[in-house]
Amino acid sequence: MADSSSSSPQQSTTTLFSPYKMGKFNLSHRIVLAPMTRCRALDGLPNKAHVEYYTQRATQGGFLITEGTSISATAAGFPHVPGIYKKEQVEAWKKVVDAVHAKGSIIFCQLWHVGRASNQVYQPGGTGAPISSTSKPISGRWKILMPDGSYGTYPQPRPLQTSEIAEVVQQYRQAALNAIKAGFDGIEIHSAHGYLIDQFLKDGINDRMDEYGGSLENRCRFLLQVTQSVSDAIGPDLVGVRISPAIDHLEAMDSDPLNLGLSVVKKLNKLQEDMRGKLAYLHVTQPRYTAYGQAESGRSGSEDEELVFMRSLRKAYNGTFICSGGFTKELGTEALANGDADLVSYGRHFISNPDLVLRFKENAPLNRYVRTTFYTHDPIVGFTDYPFLDKRNGKYEIISRL
């Protein structure tokens, strides 16, 4: 086990409430709303509940990243997830973005294609195999949430033909343009957690024999083409990339995750040089993110390896670095003070604490999240009904309970 103390960067005075300039965006604090699937977009359309949900979590100078948003009719793998490929979806997102902007927040749309992590029921017409880099299905160890609330199995996917990949790249490009049309400040390319782009990156999944498989150079090609195309369309400074080289979610395993991560970073650095413009950020999920959700304790047993892994990527990347995965206020503060990240994204705690930024600032207790309501379709319960703090008699108190 590596000695993290010997390689720990010198601590700084940076805190969660230090301002930060992320490219053209001036952030007043470093607490980011992480992208999280919530399954409330009936018929793929954001609605009034989404306006309230994102507005509740918006702060002056804050940064929000939306839930994964489908780039095409083949991209979904959960019930009632929003899309950004139809005119009516763009119009629906405008209401969310306008409300968030009215509170002074910056908001990016996460572009998502689940690839093989889908089911025929989510495909056009309710038939057809999901697309992927491979024909290997996700094993029966994993279950997919079905529209009726039951859990099903993942079917055998259809590997994309080499000639089809350009069409999927174009779908990402058009989705980015649609997001800008909806008023979003930028987009995040979801290249993590076992979804489509990650299915090309990981050698435990990608078994292709063409120019998109085999070597690291080939396995990174799809991500680089998507990033290049999207950046050409809307500008690199409006594009973030999320990766998770060490995460085995949905059996997305790689034989050498550190080398994979460093290779992606090196190629993104080179792409930035070629474009003569930096990407908005790189967003990396910590190794502590486990197969069936994030570690509840915040730190795993392999803490030292995790620090070495993340610091290696952080040191190698030329640009804004966001880390996520089971952070508490204390761990987020530590990561910033040690120079291990520029920004920290929070998921579960932001679900149950719409005023998480205020609670962290006031050292107030946090609401406990209710995991059973994460993926329900209710527009209120577990979505917009978590209580806020209220200032009474000179101090903040919780004004209501679930």
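## A pocket, a helix pair and some buried residues

Ala-76 is buried, with a relative accessible area of 13%; buried means under 20% relative accessible area, exposed over 50%, and partly exposed in between (1.4 Å probe, protein chains only). This is a predicted model, in which local features need pLDDT of at least 70 and side-chain atom pairs count only at pLDDT 80 or more, while totals for chains, interfaces and linings use all residues. Residues are numbered from 1 along each chain as its sequence is written, and side-chain values use heavy atoms, with hydrogens and water left out.

Let us stay with Ala-76 for a moment. You can find Ala-76 in the loop between strand S4 (63-70) and helix H3 (87-102). Here helices (H or I, at least four residues) and strands (E, at least two) are DSSP runs, numbered from the N terminus. Leaving out residues up to four places away in sequence, Ala-76 touches Ser-70, Val-81, Val-114, Ser-118, Tyr-122 and Gln-123, where contact means heavy atoms within 4.5 Å. Ala-76 and Asn-119 are 43 residues apart in sequence, yet their C-alpha atoms are 8.7 Å apart in space.

Now look at Gly-44, in the loop between strand S3 (31-33) and helix H2 (48-56). Gly-44 counts as buried because its relative accessibility is 10%. Apart from neighbours within four places in sequence, Gly-44 is in contact with Val-81, Pro-82, Gly-83 and Gln-89.

Gly-44, Ala-76, Val-81, Tyr-85 and Tyr-122 lie nearest the centre of the second largest pocket, which is lined by 20 residues. On a 1 Å grid over the protein atoms alone, a pocket is an open set of points where a 1.4 Å probe fits, with protein on both sides within 12 Å along at least five of seven lines; lining residues have an atom within 4 Å of a point. The space in this pocket is about 350 Å³, a volume being the space filled by probe spheres set on the grid points, which are joined across faces, edges and corners. Its lining has 11 nonpolar, 7 polar and 2 charged residues. In this scheme Ala, Val, Leu, Ile, Met, Phe, Trp, Tyr, Cys and Pro count as nonpolar, Asp, Glu, Lys and Arg as charged, and the others, Gly among them, as polar.

Next comes a pair of helices. H4 (residues 165-181) and H7 (residues 221-234) pack at an angle of about 35°, and their axes are 9 Å apart. Axes are lines fitted to C-alpha atoms, for helices over the stretch in contact, and angles run from 0 to 180 degrees between N-to-C directions. Residues of H4 including Val-168, Tyr-172 and Ala-176 meet residues of H7, among them Phe-222, Val-226 and Val-230. By class, this contact has 12 nonpolar, 2 polar and 2 charged residues.

H7 also holds Thr-227, while Thr-384 sits in the loop between H12 and strand S17 (389-392). The table sets out how buried these two residues are.

| Residue | Relative accessibility |
|---|---|
| Thr-227 | 0% |
| Thr-384 | 9% |

Not counting residues up to four places away in sequence, Thr-227 touches Ile-189, Val-241, Leu-268, Leu-271 and Leu-279. With that exclusion, Thr-384 touches Ala-49, Glu-52, Tyr-53, Gln-56 and Pro-379.
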